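Thanks for making time this morning.

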Amino acid sequence: MGRSFIIGLLKHGSLEVALGAVVMSMVVASTCGAYVPGSVYVSLFLAVWFIYILDRLFDARKIPTSASNPRHHFYQEHFSQLLTVLVIVGCVGLGSLVYLPAPVLLYGVLVMGSCLLYLLWVFLSTRSLPKEVVVAALYTAGISLAPRALASSGVGPVDLLIFMVIFLIAFINLILFSRQERQYDMADSQESFITRWKPEKIGLLLRAAFTMAIIGIAGFSWFSDSLLALQGLLMLMLGVLWILYQRMADFETSFTYRLIGDGIFLMPILLLI
């Protein structure tokens with residue numbers, strides 16, 4: 001594994017996504033007052049990274065020619081090396097399961113199993129699922145399962161509202177990426193509803209998702225007066241995505257938008273300090 005591979009892995013390996021999932025899970029834990037052991041966050045990081053690498057490897061294998069998308073091309077070019085990384089991450093992840101509390105292990109297996117079934121469907125089936133919807137839902141379930149499994153209180157209306165807002169933020173993030181990479185996906189035969197819909201319709205969907213997320217964040221106040229910091233944080237994350245949405249034309253020749261878009265999930269560190 002040479003220097004160019006390491007640089008490519010840092011650039012295209014979705015490490016920031018896995019780290020962001022850990023940070024978001026910590027936020028969920030703080031809102032529901034749950035104590036989550038560090039071993040759970042290690043397992044979550046490894047599980048998210050494993051799923052993302054596996055998803056990219058499936059994409060790379062399904063593209064019959066040299067991929068036009070630089071990320072897919074990296075996974076094609078270094079397929080065997082990334083497969084080795086996948087096996088290592090998977091083995092370490094399996095070893096970490098022995099340190100998980102029983103409730104977390106149960107729900108974790110269910111969510112991980114759902115992720116693997118989805119990836120197998122995408123790889124083997126000729127019928128496409130709404131990828132952005134499914135991935136956002138699985139992401140929300142993944143970061144929420146441990147805190148909720150270890151929380152002393154049940155799931156209330158405000159918890160459901162928080163989950164909905166997190167889902168919408170993840171969904172908007174994915175739609176922005178898919179819309180920006182639409183031409184790459186069409187060239188690489190990566191079919192989704194984003195490649196089939198007209199840009200105007202995608203824009204309408206994004207504005208509707210932004211509106212719903214803002215209403216959801218405002219709705220926190222209906223149930224509790226102690227979530228102002230969380231409201232401010234989620235609005236800040238949403239604001240960055242809105243600026244990204246408005247200025248996507250500035251990133252026609254750069255993938256910096258991915259660093260910005262995925263970086264918003266690290267912003268909750270401000271709330272945890």
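How do the residues of the lining of the second largest pocket divide into nonpolar, polar and charged? Before I answer, a word on the source: this is a predicted model, in which local features need pLDDT of at least 70 and side-chain atom pairs count only at pLDDT 80 or more, while totals for chains, interfaces and linings use all residues. Residues are numbered from 1 along each chain as its sequence is written, and side-chain values use heavy atoms, with hydrogens and water left out.

The lining of the second largest pocket divides into five nonpolar, four polar and six charged residues. Here Ala, Val, Leu, Ile, Met, Phe, Trp, Tyr, Cys and Pro count as nonpolar, Asp, Glu, Lys and Arg as charged, and the others, Gly among them, as polar. By pocket I mean, on a 1 Å grid over the protein atoms alone, an open set of points with protein on both sides within 12 Å along at least five of seven lines, whereas a cavity is a set of points where a 1.4 Å probe fits but cannot get out; lining residues have an atom within 4 Å of a point. Grid points are joined across faces, edges and corners, and a volume is the space filled by probe spheres set on the points.

On those terms, the second largest pocket holds about 270 Å³ of space. Its lining has 15 residues, of which Lys 11, His 12, Glu 16, Arg 258 and Leu 259 are the closest to its centre. Two or more lining residues come from each of α1 (3–12), α2 (15–32) and α13 (256–263), and the largest share, four residues, belongs to α13.

Let me step back to the fold. The protein has 14 helices and zero strands, where helices (H or I, at least four residues) and strands (E, at least two) are DSSP runs numbered from the N terminus. For its 273 residues, a compact globule would have a radius of gyration near 19 Å, and the protein, at 19 Å, agrees with that; the radius is taken over C-alpha atoms, and the globule rule is 2.2 Å times the number of residues to the power 0.38. Along the principal axes, the C-alpha atoms fill a box of roughly 55 × 45 × 35 Å.

Of the 273 residues, 49% count as buried, a label that means under 20% relative accessible area, with exposed over 50% and partly exposed in between (1.4 Å probe, protein chains only). Among contacts (heavy atoms within 4.5 Å) between residues at least 6 apart in sequence, 76% join residues at least 24 apart. The protein exposes about 13400 Å², and carbon and sulfur atoms supply 69% of that area, which comes from the Shrake-Rupley method with a 1.4 Å probe; for residues, only the protein chains shown count as cover.

What, then, lines the largest cavity? A search of the whole structure finds one cavity of 30 Å³ or more, and the largest cavity has a volume of about 40 Å³. Its lining consists of Met 24, Val 27, Ile 162, Ile 166, Leu 230, Leu 233, Leu 234 and Pro 268, which divide into eight nonpolar, no polar and no charged residues.

Ser 25, in helix α2, is buried, with a relative accessible area of 1%, and touches Tyr 41, Leu 44, Ile 143 and Pro 147. Ser 96, in helix α5 (residues 79–96), is likewise buried, at 8%, and touches Ser 43 and Leu 46.

Is Leu 105 buried or partly exposed? Leu 105, in helix α6 (residues 102–124), is partly exposed, with a relative accessible area of 30%, and touches Leu 97 and Leu 100. Leu 105 and Ser 43 are 62 residues apart in sequence and 9.9 Å apart in space, C-alpha to C-alpha.

Finally, Leu 129 lies in the loop between α6 and α7 (131–150) and is partly exposed, at 33%. Leu 129 is in contact with Tyr 118, Trp 121 and Val 134, and its C-alpha atom is separated by 7.4 Å from that of Ser 192, 63 residues apart along the chain.

Note on methods:
Lists of a residue's contacts leave out its neighbours within four places in sequence.
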